[in-house]
Amino acid sequence: MARIIVLDPIAQEGLDMLAAAPGIEYEVRTGLKGAALRSALAEFDGAICRSGVTINGEALEGNKRLKAIARAGVGTDNIDKNVATRLGIVVMNTPTGNTLSTAEHTFTLLLALSRRVAEAHMTLCGGKWDRKTYMGSQVADKTLGIVGLGRIGQEVAKRANAFQMKVMGYDPFLSSEQAQKLGIQRVDKVADMFPHIDYLTVHTPLTPETTDLIDSAAIEKLKPGCRLINCARGGIYNEAALVEGLKSGKLGGVALDVFVEEPNTTSPLLKMPNVLCTPHLGASTEEAQQQVALEAVQLLINYFSTGEVRHAVNMASVDPATLQAMKGYLDLAWRLGLLMAEWQPSGAAGCHITYRGEVTKRNTKLLTSAFCAGLLEKALDEEVNIVNAEVLLRERGIVLTEESRPDMGAFSSSMSVEVKTGNKIHVASGTLFGNNMPRLIRLDDSRLEAYIDGNLFVFTHNDVPGIIGAVGTIFGKHSVNIGHMTVGRAVPGGTAVGVLNLDTVPPKAAIDEVLSHPSITSARVIPMPPAGKLPSWLGW
Ligand SMILES: NC(=O)c1ccc[n+]([C@@H]2O[C@H](COP(=O)([O-])OP(=O)(O)OC[C@H]3O[C@@H](n4cnc5c(N)ncnc54)[C@H](O)[C@@H]3O)[C@@H](O)[C@H]2O)c1
Ligand SMILES: O=C(O)CC[C@@H](O)C(=O)O
């Protein structure tokens, strides 16, 4: 049973969907922070939030249970994604559910700011019929500048065109063709539009590049009287610079839905004329809230029932069909990781993975993550999965590289992992027989064909007659049954490797006896998961 915590109010339709979902139970606990949030998160497998709760590193610290966070909305800046990734927690959002509502809210603020609607309303409510003070500005034939032309920015541009405005815009990922299609005059730098625009609106995430994007220096370059709107994130406009710009008359007005500090009832802007503020209401429509709640709940239901990862912001998304089709390869990659962790027990400095043949057409990045998860699984105290494995590996200074070679080797598909330790390189290669039978086809220099499940007994020896018989006799004497046996070598008479699948873990006395054979150079038991057992992080 997956337990889900709902940390912010979400639409009832989302809660109903959670209640009806088999294998899921949920609790709504809103308004949590600090230690209360941390201990609550530790009791659940999944979490749903909006922008109210702050899931920072402290809130996630030491969490060994949480697997997935779904954000009912777009911005995930209230979640510490670095810490989540490190802990193997996938963070997903619902990118489209509130696009139209937020674009509409932006336009609402733009129009209301132009006509000073809120101030006039407040004056009238105060008993004054004032038709002189609130002279407005027509938007038709004015120019709107848009920074960030993703989903919301583009919808705002469409509405501006419908209101007969000229639109200029900047987004590093907007092509000239798309800009032309949307009737946007694209500029190469944000500042290029400053002297020409009467209105500026931003629709980017809050990032180091967009923090204080509009500060005093930028405001200085704007056309006098320019009106600014922000329905994206507080901090993109520097709030102190806005106050100064309004005071000096350089700015014609400011409309904000978002603030650096939220909730916020003390900003000096709230008391200034030509200012219009709403308390982060961009996505607050019944339609948007219903849609993001349903989408967020669906993301978690899918994640916990099929392992599907969609709209992830801290890892590649994986749909159930891909997962299903890659099950066998994921199992192989994970097992090669587990095997290599035992085969080369001293510290790895680098890993290089080569994919050959048909497997190169698949999502090899996912297979690389699965290998890394296997490699680190036993070494680390914390949960290692495909979300955090690569990060954890790189954090340990292990250099990870990957290559794909579409040509087939001896097998239609294979993956080879090289683990560098000091000046040695250990190699293991595997392939898949059928859909779900992983096989080891190379260990260091020896070619073989071994199972990678159960109690593996791996020994190196000189390629001389009598070794197989000697080992078989020793295990027979100790009542250890051999289920499967394979030996391989690079060249006759050189170094060889034997891999046995034992029905039980051999006693130390049996291993010592094997090691006492003059031609056997090493021997160790490598416990592998039983055949068909898949990693728990795949949710199967
Ligand atoms: N007020 C609200 O309630 C509300 C609701 C929804 C979204 N939002 C905010 O709106 C933002 C935009 O949402 P969206 O759905 O359009 O996201 P989106 O990902 O579709 O678009 C963001 C765009 O910003 C662009 N961008 C990133 N950095 C940039 C930079 N330095 N300069 C110029 N462009 C840059 C990206 O290329 C992208 O096209 C979100 O990040 C979220 O924080 C607020
Ligand atoms: O949850 C909300 O209402 C705000 C949503 C909005 O900020 C977002 O980024 O999607």
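A: P263 sits in the loop between β11 (251–256) and β12. This is a predicted model. The peptide bond leading from E262 into P263 is cis, and its omega is near -5°. Most peptide bonds are trans. The loop thus deserves a look at its backbone.

Now the strands on either side of the loop. Both β11 and β12 belong to an open sheet of seven strands. Read across, the order is β8-β7-β6-β9-β10-β11-β12, and the pairing is parallel. β12 (275–277) is an edge strand, and so is β8 (184–186). Each of the two has a single partner strand, so one side of each lacks a neighbour in the sheet. On average, neighbouring strands here are turned by 20° against each other, with direction ignored.

β7 (residues 166–170) runs parallel to β8, and three bridges join the two. Within that pairing, M168 stands opposite Q185 of β8. Helix α7 (residues 151–162) packs on this sheet. It touches β6 (143–147), β7, β8 and β9 (199–202). The direction of α7 makes about 175° with that of β6.

D212 lies in the loop between β9 and α9 (216–221). Its phi is positive, about 55°, although D212 is not a glycine. Most residues other than glycine have a negative phi.

Next, ligand 1. It is surrounded by 25 residues. The closest are R151, I152, D171, C231 and D257. A side-chain N or O atom of D171 is 2.6 Å from an oxygen atom of ligand 1. A polar backbone atom of C231 is 3.0 Å from a nitrogen atom of the ligand. R233 places a polar side-chain atom 3.4 Å from a ligand oxygen. Alone, ligand 1 would expose 860 Å², and the protein buries 85% of that. Its shell counts 11 nonpolar, nine polar and five charged residues.

R50 brings a polar side-chain atom to 2.7 Å from an oxygen atom of ligand 2. G75 uses its backbone: a polar atom there is 2.7 Å from a ligand oxygen. An N or O atom in the side chain of H280 is 2.6 Å from an oxygen atom of the ligand. Ligand 2 alone exposes 290 Å², of which the protein buries 93%.

β1 (residues 2–6) and β3 (residues 46–49) pair in parallel over three bridges. There, V6 stands opposite I48 of β3.

Note on methods. Residues are numbered from 1 along each chain as its sequence is written. Chains are lettered from A and ligands numbered from 1 in the order in which they are written. This is a predicted model: local features need pLDDT of at least 70, side-chain atom pairs count only at pLDDT 80 or more; totals for chains, interfaces and linings use all residues. Side-chain values use heavy atoms; hydrogens and water are left out. A polar contact is a pair of N or O atoms within 3.5 Å; within protein, one must be able to donate a hydrogen and the other to accept it, and residues adjacent in sequence count only if both atoms are side-chain atoms. Accessible areas come from the Shrake-Rupley method with a 1.4 Å probe; for residues, only the protein chains shown count as cover. A residue is near a molecule or strand if one of its heavy atoms lies within 4 Å of it. Ala, Val, Leu, Ile, Met, Phe, Trp, Tyr, Cys and Pro count as nonpolar, Asp, Glu, Lys and Arg as charged, and the others, Gly among them, as polar. Two strands pair if DSSP finds at least two bridges between them. Helices (H or I, at least four residues) and strands (E, at least two) are DSSP runs, numbered from the N terminus. Axes are lines fitted to C-alpha atoms, for helices over the stretch in contact, and angles run from 0 to 180 degrees between N-to-C directions. Contact means heavy atoms within 4.5 Å.
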